[in-house]
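Hello,

Here is the structure you will be working with. Please open it alongside this email; my notes follow below.

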Amino acid sequence: LSSIAVALEKKYPDTNTAFGAAVKPLREELIGDVRTALYVLFAAVICVLLIANANVANLLLARASVRGKEIALRAALGASRARIIRQLLTESLLLAGIGGLCGLLIAQWGTEALIKTVPQNIPRIGGIQLDASVLVFTLFVSLATGVIFGLVPAWQASHVDLNASLKAGTRTGGGGESKGRLRNTLVVAEVALALVLLICASLLIQSFSRLGRVALGLKTERLFTARITLPDVSYPKNENLIAFFDQLLPRIRAISGVQSASTIVPLPLSGSNMVTSYDVEEHPLPEGQRSGAPVRIIATDYFKTMGIPVRRGRAFEESDRMDSPPVVIVNERFANKIFPGQNAVGKRITPGFSADDNGDKMREIIGVVGNVKHLSLRNDDTPEMYLPRTQIPFNTVSLVVRTNISDPAAITSAVRNEVAALDRAIPLTSVRIFDEYVSRSLARPRFNALLLSIFAGTALVLTAIGIYGVMAYSVAQRTNEIGIRIALGAPQSSIFRLVVGQAMTLVAISIGIGLAGAFGATRLLGSLLYGVGASDPLTFSLIVILIATVAFFAAWLPARRAAAVDPMVALRAE
């Protein structure tokens with residue numbers, strides 16, 4: 001196709017210059033920008049899984065240390081290292097299997113709840129279900145996590161010094177320096193992962209919040225919309241289309257509770273768009289080299305109905321008909337781009353639209369209106385043109401009605417009656433209040449921010465539990481040492497600082513690693529963010545403070561318990 005386009009450009013330079021072809025797989029076209037969001041959410045799920053498994057591995061390490069004497073006895077009675085590893089790994093797999101089964105049961109309920117919150121504009125939402133592939137995936141993940149995160153504690157526990165363990169009496173020991181390093185490594189990893197998730201979630205929440213505050217350029221409150229399609233068989237000529245809406249709009253404006261009414265093609269934020277080329281009288285270009293811009297076909301009172309300000313000139317009037325001079329209205333972005341520093345009103349352009357076979361007409365710009373975000377809340381304001389429906393008739397239009405009642409949908413039956421009074425064969429479709437289109441535009445960002453926030457919150461809770469567990473176990477294993485320190489005169493404050501300092505040292509290392517990971521991870525969010533940078537320093541700083549605060553309080557209770565140790569009890573236990 002690219003080769004053909006180049007050949008056509010050479011053969012027909014006047015009409016085919018700068019025209020090419022863009023080809024993509026159908027699947028990619030259907031999925032669109034959803035792919036990135038789903039990958040980000042899947043990565044978040046993996047992070048939460050890793051954090052949960054790090055906690056489980058820490059618990060298994062602690063349990064293996066407590067069971068040191070039992071394992072030593074088994075080894076003394078002839079159990080091989082492989083036999084001990086197999087036993088501990090079996091326990092780990094049993095835990096993982098039960099967890100996977102419980103997860104499936106929860107997922108059955110959770111999937112139904114999730115589908116209700118999934119935006120309807122996400123492709124293939126009807127295919128979301130617990131099928132055979134999900135069951136196989138869950139089985140694989142459960143077994144894999146059971147093996148991976150159970151093997152290391154099992155391997156550590158199988159390295160037993162029989163002489164030391166059996167001599168230890170009632171004392172279990174600290175589990176060895178290697179086990180302590182492994183536990184600390186797991187804590188560092190889960191804190192770093194939690195930091196990455198929290199930063200990503202915070203950026204998405206800010207992006208969603210800023211999208212919700214975007215100025216649309218029009219007023220959305222108390223606005224009723226519907227679609228009307230006139231069949232070609234019954235309305236074959238432009239005059240028939242114009243006459244129908246000439247009769248319909250006054251009838252709708254007369255309905256009780258209606259302030260104004262108009263039509264447009266296509267409706268803002270509906271997902272539809274029309275783009276055409278245009279030429280400027282002052283510096284004409286060959287047909288193939290002309291620029292393009294979105295074009296809207298509107299009826300009189302459209303700007304009044306939508307609350308779009310007319311900056312200069314005038315709006316369309318009923319006198320702008322097929323037999324009157326061709327006119328066009330442009331937005332401010334168009335006027336500033338094409339006629340910088342000039343008054344665009346009175347200038348003449350030729351949009352690539354005509355209502356007959358006589359070709360495109362040179363049209364006079366009679367007005368300049370405010371910019372409107374027609375296609376998306378994210379898109380910057382683009383140059384746009386407006387043409388009157390009485391000069392460019394369309395058989396399918398969107399009806400827009402401004403009401404003075406709190407529920408615009410209440411006029412639905414009245415509007416249907418007025419349409420039926422003119423032609424009973426014409427249905428009223430896509431009946432919605434305009435706020436629904438705004439909500440649909442925010443649906444995906446809201447969904448992404450909600451899910452990632454849930455994952456990040458879960459990760460933060462699990463991380464706090466992990467820090468608490470490691471510090472509590474460390475305090476329990478060091479009770480004798482702490483008792484000696486207190487007996488030798490160490491104040492409670494120094495014991496408190498000792499325990500908290502150990503935890504905060506791990507957190508400081510985690511933050512360094514997590515920030516490096518976050519700088520890389522947030523680059524993947526670029527297409528999902530709006531109004532906030534992927535490396536927003538305020539967000540990074542606040543999340544670091546949050547992580548540090550949560551870690552401090554997670555270590556605070558074990559530290560307080562350590563500072564309150566009775567040295568006599570600790571030494572008597574020895």
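Ser-202 is in contact (heavy atoms within 4.5 Å) with Thr-539 and Ile-543, leaving aside its neighbours within four places in sequence. Ser-202 sits in helix α9. Its relative accessible area is 19%, so Ser-202 is buried. The classes are: buried under 20% relative accessible area, exposed over 50%, partly exposed in between, with a 1.4 Å probe and protein chains only.

Two ground rules. This is a predicted model, where local features need pLDDT of at least 70 and side-chain atom pairs count only at pLDDT 80 or more, while totals for chains, interfaces and linings use all residues. Residues are numbered from 1 along each chain as its sequence is written, and side-chain values use heavy atoms, with hydrogens and water left out.

Now the whole chain. It has 18 helices and 11 strands. These are DSSP runs numbered from the N terminus: helices are H or I with at least four residues, strands are E with at least two. The radius of gyration is 34 Å, well over the 25 Å that the globule rule gives for 574 residues, so the chain is more spread out than a compact globule. That radius is taken over C-alpha atoms, and the rule is 2.2 Å times the number of residues to the power 0.38. Along the principal axes, the C-alpha atoms fill a box of roughly 110 × 55 × 50 Å. Buried residues account for 42% of the 574. Of the contacts between residues at least 6 apart in sequence, 81% join residues at least 24 apart.

Next, the cores. A nonpolar core is a set of buried Ala, Val, Leu, Ile, Met, Phe, Trp, Tyr and Cys residues joined through side-chain atoms within 4.5 Å. The largest one has 64 residues, and Leu-197, Leu-452, Ile-467 and Ile-547 have the most contacts inside it. Two or more residues of this core come from each of α4, α9 (176–212), α14 (434–477), α15 (479–487), α16 (492–521) and α17 (537–563). Leu-197 touches residues including Ala-44, Cys-47, Val-48, Leu-452 and Phe-455, not counting residues up to four places away in sequence. A second, separate core has 44 residues, among them Phe-245, Val-330, Val-397 and Leu-399.

Tyr-39 is in helix α4 (residues 34–66). Its relative accessibility is 54%, so Tyr-39 counts as exposed. Tyr-278 is in strand β3 (residues 275–280). Its relative accessibility is 5%, so Tyr-278 counts as buried. Beyond its neighbours within four places in sequence, Tyr-278 has contacts that include Arg-290, Phe-334, Ile-338, Pro-351 and Met-385. Phe-353 is 75 residues from Tyr-278 in sequence, and 8.8 Å from it in space, C-alpha to C-alpha.

Finally, some backbone points. The peptide bond from Val-265 to Pro-266 is cis, with omega near -10°. Pro-266 is in the loop between β2 (258–265) and β3. Leu-269 also lies in the loop between β2 and β3. Leu-269 is not a glycine, yet its phi is positive, near 65°. Leu-269 counts as buried, at 7% relative accessibility. Arg-222, another non-glycine, has a positive phi of about 55°. Arg-222 lies in the loop between α9 and β1 (223–229). With a relative accessible area of 35%, Arg-222 is partly exposed.

Best wishes
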